[in-house]
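Visitor: I have a chain on the screen and would like to go through it. Could you take my questions one at a time?

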Amino acid sequence: MPVPMIRRPMPQRAGNQVPLKSILGRPGKFFDVRTKKVYDISQAYEGEKYDTIAVLHGAGANPPGTEYPWFMNPQVKRAIDTNFKTANRLDPNERLVLERIGLYLHMGIGNTLMTSFDVRKVLESGYIKLTINDDILWDGIATWLPSGYGIVGQTTDTDSTFASVGVAGTAAAARLRRKQMITSDHSLGGSLIYQNRAWIAAGGGAAYVDPVMVNDVLLKIVLHGPISRPATR
């Protein structure tokens, strides 16, 4: 007799777990299926909440298990690097209808320009996990999160052979299939992680070597969508 096949459900991101529905005939109002609340964002502006981490350079800086967390210690950063005021949370009464997640790698830090070597080492070896209240929002490879922003193209400048993550067009950055409401009640978590890849050598390949950057690299996580501070009923 043929053996029946067991179909496993595809993993889903948290963006599919907490759906919002727009209310017909009431522009700017959304109904949260889970909490049964109605959110009024009619006075919202479209923008980003963002935070930045610094991936360190030098030999031994990124051994397996190294983790760089976002949304931490916003009080020590300036507006160019974060617009969070509270660790792991939006500002009090602030609400974001999350439509898109992006990752932006800064191509310059002050007078230091990133080389293509550092860009590729940081992104191709990095794994990203984002959570909302411990529910998975994103769990995947760094290069799968284009920002939609930044400088694009190639140059003949020394140590500047290319310039950006993905394509600098917001249409190229994939949106979540279902929008998600984030409020100050939600705890945000996010990290760039370097993992152990000993299986490469075990499979007969060359031993995996941890990425060693020439310069520190700044990575910005971007949460895009309408942002407001409305009352909720």
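Visitor: How many helices and strands does the protein chain have?
Guide: This is a predicted model. The chain has 233 residues, and 42% of them count as buried. Of the contacts between residues at least 6 apart in sequence, 73% join residues at least 24 apart. The secondary structure comes to two helices and 13 strands.

Visitor: In which strand is confidence highest?
Guide: Over the protein chain the mean pLDDT is 82, and 78% of the residues reach 70 or more. The lowest mean, 74, belongs to strand E1 (residues 20-22), while the highest, 98, belongs to residues 67-69, which form strand E5.

Visitor: Which residues have the most contacts inside the largest nonpolar core?
Guide: In soluble globular proteins, nonpolar side chains tend to be buried together. Here the largest nonpolar core has 35 residues, and those with the most contacts inside it are Trp70, Ile101, Leu192 and Leu219.

Visitor: Which helix supplies at least two residues of this core?
Guide: Several strands each supply at least two residues of the core, including E4 (45-55), E6 (95-105) and E13 (217-228). A second, separate core of five residues includes Phe30, Tyr39, Val97 and Met181.

Visitor: Why is E12 described as largely enclosed by the rest of the structure?
Guide: In a regular strand the side chains alternate between the two faces of the sheet. In E12, Leu188, Gly190 and Leu192 point one way and Gly189, Ser191 and Ile193 the other way, and all are buried. E12 is largely enclosed because the count of buried residues is six of six.

Visitor: Which residue is the bridge partner of Glu67 in E12?
Guide: E12 runs antiparallel to E9, with six bridges between them, and Ile132 stands opposite Leu188 in E12. E5 and E12 also run antiparallel, joined by three bridges. In E12, the partner of Glu67 is Ile193.

Visitor: How far apart in sequence are the parts tied together by Lys77 and Asp51?
Guide: Lys77 forms a salt bridge with Asp51, with 3.1 Å between the closest N and O atoms. Lys77 counts as partly exposed at 22% relative accessibility, whereas Asp51 is buried at 0%. Lys77 lies in the loop between E5 and E6 and Asp51 in strand E4, so the parts they tie together are apart in sequence by 26 residues.

Visitor: Which residues are joined with Glu99 into one network of salt bridges?
Guide: Glu99 is buried, at 11% relative accessibility, and its side chain meets that of Arg175 in a salt bridge (2.7 Å, N to O). That pair links strand E6 to strand E11, 76 residues apart. Glu99 also meets Lys179 in a salt bridge (3.5 Å, N to O). Through shared partners, the residues joined with Glu99 are Arg175 and Lys179.

Visitor: Is Arg175 buried or partly exposed?
Guide: Buried means under 20% relative accessible area, and exposed means over 50%. Arg175 has a relative accessible area of 47%, and Lys179 has 35% relative accessibility, which counts as partly exposed. Arg175 is likewise partly exposed.

How values were computed. Residues are numbered from 1 along each chain as its sequence is written. This is a predicted model: local features need pLDDT of at least 70, side-chain atom pairs count only at pLDDT 80 or more; totals for chains, interfaces and linings use all residues. Side-chain values use heavy atoms; hydrogens and water are left out. Helices (H or I, at least four residues) and strands (E, at least two) are DSSP runs, numbered from the N terminus. Buried means under 20% relative accessible area, exposed over 50%, partly exposed in between (1.4 Å probe, protein chains only). Contact means heavy atoms within 4.5 Å. pLDDT is the predictor's confidence in each residue, from 0 to 100. A nonpolar core is a set of buried Ala, Val, Leu, Ile, Met, Phe, Trp, Tyr and Cys residues joined through side-chain atoms within 4.5 Å. Two strands pair if DSSP finds at least two bridges between them. A salt bridge is a side-chain nitrogen of Lys or Arg within 4 Å of a carboxyl oxygen of Asp or Glu.
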